[in-house]
Number of protein chains: 2
Amino acid sequence: MSNTNHNPLADIFHPRSIAFAGIIISDPEHWTRNFLNGLLALKYPGPIYLVNPRGGEVRGIKVYEKFSDIPENVDYVISTVPSKASATLIRDAALKGAKAVQFCTAGFREIGTEEGRKLEQELVEAGRATGVRIIGPNCLGIYNPEACMSFRPEFPKDSGPVGFICQSGGNAATLINRVEHRGVRFSKAVSYGNACDLDESDYLEYLTGDPATKIIAMYIEGIKDGRKFRKALEKATREKPVVLLKGGATEEGARAAAGHTASLAGSFTAWETLCRQFGVIRVDSIEEMSDVLVTLTFLPEPPGRRVALIGAGGGSSVLVTDEFGRRGLEVPPLPVALQNELLEFTPAAGNILHNPIDYSQSLSTTEGLDKTMRILARWSGVDLIIWFTSLMWNETYLAKRLPVLTKSIVHQAKTFGKPLALVLEASNEPEEVKLITPFIRECAKHGLASYYSFASAANAIDKVIRNRERRQQLRG
Amino acid sequence: MSNTNHNPLADIFHPRSIAFAGIIISDPEHWTRNFLNGLLALKYPGPIYLVNPRGGEVRGIKVYEKFSDIPENVDYVISTVPSKASATLIRDAALKGAKAVQFCTAGFREIGTEEGRKLEQELVEAGRATGVRIIGPNCLGIYNPEACMSFRPEFPKDSGPVGFICQSGGNAATLINRVEHRGVRFSKAVSYGNACDLDESDYLEYLTGDPATKIIAMYIEGIKDGRKFRKALEKATREKPVVLLKGGATEEGARAAAGHTASLAGSFTAWETLCRQFGVIRVDSIEEMSDVLVTLTFLPEPPGRRVALIGAGGGSSVLVTDEFGRRGLEVPPLPVALQNELLEFTPAAGNILHNPIDYSQSLSTTEGLDKTMRILARWSGVDLIIWFTSLMWNETYLAKRLPVLTKSIVHQAKTFGKPLALVLEASNEPEEVKLITPFIRECAKHGLASYYSFASAANAIDKVIRNRERRQQLRG
């Protein structure tokens, strides 16, 4: 594996000082304040310089009227200055020794006018002339908890295994926030917009060589250089699992992508071929990516595709079995010897002691469930165990059920010696959500994958298992 | 259309008195208390008789020690008596003039033993001998808000257009609770379990002729009489849209269904053919059924498949377009004349004024959004409008955005003269859920379909439009 220090992006992702040019003084609620609030929330340790012609002070930090007024060198620049002033900012930044400028600013090539194209070209030329690298324009830039950098203040302060390359800032924020309580954490994320200089392949190469990144996730609308990307993707998939959400997968979506980040979306068939060829996990939505990342982060590699399903509810047990069965995961019948072991302490009526096991009536005590889980863990005929239930909103029911699940399963999982995941088919009823969110957090704390629907669990687990098989084939 | 009065099930679904045999006295938290609590919560107006050998009083209602002690005739019986006492209960009920007994009791044919099969046969024979009809066994029975009957106390008290035939009690409760805040209401629902007497075809015939039922939803694990069901389904689809979730769609799931309701699941290909032949909307999960029922309940029939997408977020706009595009819904480009109209009051940078329209920056005032919606409503090139956004959790953002959406869209929708639906791609973050649930309720109150993800919206809308086309072909 390559050393991080050899990649020039390592410095850009770990700047010693940051300037924010174009901060809006008048409106503290303006969304671009997230750039400053993010740095302060993550306690960025280096100097922060603010620049706006009006001067003054924001959150106790002096605002310089001109970039050249900054008394020290600046390593990294965040910019919201107007598109017309952007090329000049690059030259100013170069004089302060900046390695990179990230332009949040929109109004370049993506608006489709001659002027927009010209302004972006000027940016590229200013970058080349000065050696300053450009992130964007039309993007939110870097989130790197290790370096205390964040473009939103609510992002987690702790790091994790996922590196995320995301052409859209909104989609980056959606994913990072959506998986927070499920325990998925990021090594680095970058929203890179129009990619007029640094592009998806540069970020991919960097994350491939980054030891803190164990899993690579990508949202890409278009690629700048097909050959370069192909090479970077081949290398990445050889070393790490890669998940791709392709924006602009349809003709209609491709038109949208052109308007969003001036991307040429390319043929979707070509993308599909590329994914198959190198063993990339392809997903269609942020939700699907969330579930796949939960799986990659937490589910230990099962030796095969045979699943024991145990949970509550007869109808639920039929539906969850269909979801796993329809994706080619096996749900083998429970051997009679194990059925008899279960019957020793479980009534037959109201419980279904095959596989799936409907364990509805014994959920009021931890003892029966714990015994059952240990019997399943000993079953050599399955490779992983899925606990499932449908949480129809009912305070009494949840108040009884969740502590039993926590004690018998979540806290015991490490002693089972078999991969385990939990599926709570939950509603959006606020009281239910309030009760189950701490439970989901508890699962994550104990290193367990949890899901919000039978379909999403089966889909993500199947995709991850298939991808492991595929990558083994390719490497073998 | 047939008159409700001609179907004998109409009386069973509107009983003048109800007895609950086998109520548990000792544990007020026991889940079977839902049968009594449901009747009391919906203020069932007729007499309620409770029966348990221990006698006493529950919630102010006298408990008779023997069924024969009930002083009056009984129209309908809910039973949780043990399986061995069930045939006797039917004979007791017949002496009191009961038309039907619903057996919650499990431990019959579904447990797969000779004894279970024998007990169920005795039940059938007692029913035939006495003329008492049987719902179940192994089920939760009837929810009919019009008759103030409910097997769970939290179910809505008001009626709506959906009739739901559901072999699983748990799945019935999951669906009814899941769509409550989205405004879907039920004319009748029945959980019917093993269907040893009254079966899916009987319920389907009844709901087909029931004027209060405009949409029929079904969760079926197996059918009792293929020819009878085929005939009932053909008639039903001729009159009403029918949605089917088939439990036991896979080999593994079929085995689970056998253990759950003793159903022979049948070949899935045969089911698929049946659905295509008669124009049934087939869904794979309760979630998918929820979205289809929201669509059938609220989305006015659009004249075609051309969609205007308007919302917030560049990355979101690409993803939502892909979801609609990949299902064959058209997203035609916005005509230049309308683009120019929008440009009169909308900045080009940060907004994308094609179709999809990314309207991020103008969301802080209602005026711009309202103007834009009215321009889209005049656009003859599209058949429906979808408003979309991804709600990345942020209190300030939501607090600003939701009132704008409510004022400019939800309260104005009726004046647009074009079908409209809203998609809020939301997380499970409890604070976000707490804020958006009232908004979703407001949509339902104003007769608007709302969805929780781009994929589920596109999927449900496509399925409903395709089904309308298919049923028109079949009838035409």
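Predicted model: local features only at pLDDT ≥ 70, side-chain atom pairs only at ≥ 80, totals over all residues.
**View 1**

**View 2. Domains 2 and 3 of chain A.** Chain A is assigned domain 1 (4-135), domain 2 (141-297) and domain 3 (301-464). The C-alpha centres of domain 2 and domain 3 of chain A are 31 Å apart. Here 11 residues of domain 2 touch 13 residues of domain 3. Helix α10 (residues 286-298) of chain A gives the largest share of the domain 2 side, seven residues. That side has four charged, four nonpolar and three polar residues.

**View 3. A cis proline in each chain.** In chain A, the peptide bond from A:N355 to A:P356 is cis, with omega near 10°. Look for A:P356 in the loop between β15 (352-353) and β16 (357-358) of chain A. In chain B, the bond from B:N355 to B:P356 is cis, with omega near 10°, and B:P356 sits in the loop between β15 (352-353) and β16 (357-358) of chain B.

**View 4. Two non-glycine residues with positive phi.** A:N138 has phi near 70° and lies in the loop between β7 (133-135) and β8 (141-143) of chain A. A:N138 is buried because 30 other C-beta atoms lie within 10 Å. B:R59, with phi of about 50°, is in the loop between β3 (56-58) and β4 (61-64) of chain B. B:R59 has 12 C-beta neighbours inside 10 Å, so it counts as exposed.

Terms used
Residues numbered from 1 in each chain as written. Chains lettered and ligands numbered in written order. Domains from an automatic or database assignment. Contact = placed C-beta atoms within 7 Å. Helix = DSSP H or I, 4+ residues; strand = E, 2+ residues; numbered from the N terminus. Nonpolar A, V, L, I, M, F, W, Y, C, P; charged D, E, K, R; others polar. Buried ≥ 20, exposed ≤ 12 C-beta atoms within 10 Å, placed from the backbone.
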